[in-house]
Amino acid sequence: MSGPSKEETGRLAERLHSGRPRLSTVRDDSAIIRLSLRHCRETVPALRASWESYGVTASLTTVRRRLQNAGFNGRKAAKKPLLTPVHRQKKIENLWYDLKCSVHDYRSRNFTELEDKLRDAWDRIPVVRCQRLTRSMP
């Protein structure tokens, strides 16, 4: 049974609602939101158990619905994939390619001149690049 209509009262808030009454109050809803923010990695069943300490006994669906209405959508964190041996090989090949390009036009008369030129090219490679390469290796 519904109460007086909006036309009769002039206000929508005074109208009675049909259906089941809410289990939780606005204060209870803010408590579950605070719990979710404080324990952001907790699952819905764990949050439900914590919410019961506030005196609210609700189903998992109700907890999910309250969090979704507050703008929280459960997502799994994406894991960064590990480098495969092919990735590591390509990184090393890129380093060798840089060395090759730096001495490509240089005509050496003997092995020691070529060695000096390669050492000079190696010294020009940024240290940060080599550090990143070694850090990516297991």
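**A close look at one residue**

Leaving out residues up to four places away in sequence, Ser24 touches Asp29, Trp51, Val56 and Arg66. Contact here means heavy atoms within 4.5 Å. The model is predicted, so local features need pLDDT of at least 70 and side-chain atom pairs pLDDT 80 or more, while totals for chains, interfaces and linings use all residues. Numbering starts from 1 along each chain as its sequence is written, and side-chain values use heavy atoms, without hydrogens or water.

Ser24 sits in the loop between helix 1 (6-9) and helix 2. Helices are DSSP runs of H or I with at least four residues, strands are E runs of at least two, and both are numbered from the N terminus. Is Ser24 buried or exposed? Ser24 counts as buried because its relative accessibility is 5%. (Buried is under 20% relative accessible area, exposed over 50%, partly exposed in between, with a 1.4 Å probe and protein chains only.) Thr62 lies 38 residues from Ser24 in sequence, yet their C-alpha atoms are 9.3 Å apart.

Now follow one partner, Trp51. Besides Ser24, Trp51 touches residues including Asp28, Asp29, Ala31, Ile32 and Leu35. Val56, Ala58, Val63 and Arg66 are also among the contacts of Trp51.

Trp51 belongs to the largest nonpolar core, which has ten residues in all. A nonpolar core is a set of buried Ala, Val, Leu, Ile, Met, Phe, Trp, Tyr and Cys residues joined through side-chain atoms within 4.5 Å. Another core, of six residues, lies apart from it, and Leu95, Leu99, Ile125 and Leu133 are among its members.

Next, the packing of helix 3 on helix 4. Their axes are 9 Å apart and meet at an angle of about 95 degrees. So helix 3 is roughly perpendicular to helix 4, a term for angles of 65 to 115 degrees. Helix 3 brings Val44, Pro45, Leu47, Arg48 and Trp51 to the contact. Helix 4 brings Leu60, Val63, Arg64, Arg66 and Leu67. Seven of these contact residues are nonpolar, none is polar and three are charged.

Glu52 is also in helix 3. Glu52 counts as partly exposed because its relative accessibility is 37%. Ile32 is 20 residues from Glu52 in sequence, with 9.8 Å between their C-alpha atoms.

For contrast, look at the other core. Leu133 is in helix 7 (residues 127-136). Its relative accessibility is 13%, so Leu133 counts as buried. Leu133 contacts Lys91, Ile92 and Leu95, setting aside neighbours within four places in sequence. Arg88 is 45 residues away from Leu133 along the chain, and their C-alpha atoms are separated by 8.1 Å.

Last, the whole chain. The protein chain has seven helices and zero strands. Of its 138 residues, 18% are buried. Among contacts between residues at least 6 apart in sequence, 42% join residues at least 24 apart.

Technical notes. Axes fitted to C-alpha atoms, helices over the stretch in contact; angles between N-to-C directions. Parallel < 35°, antiparallel > 145°, perpendicular 65-115°, else oblique. Nonpolar A, V, L, I, M, F, W, Y, C, P; charged D, E, K, R; others polar.
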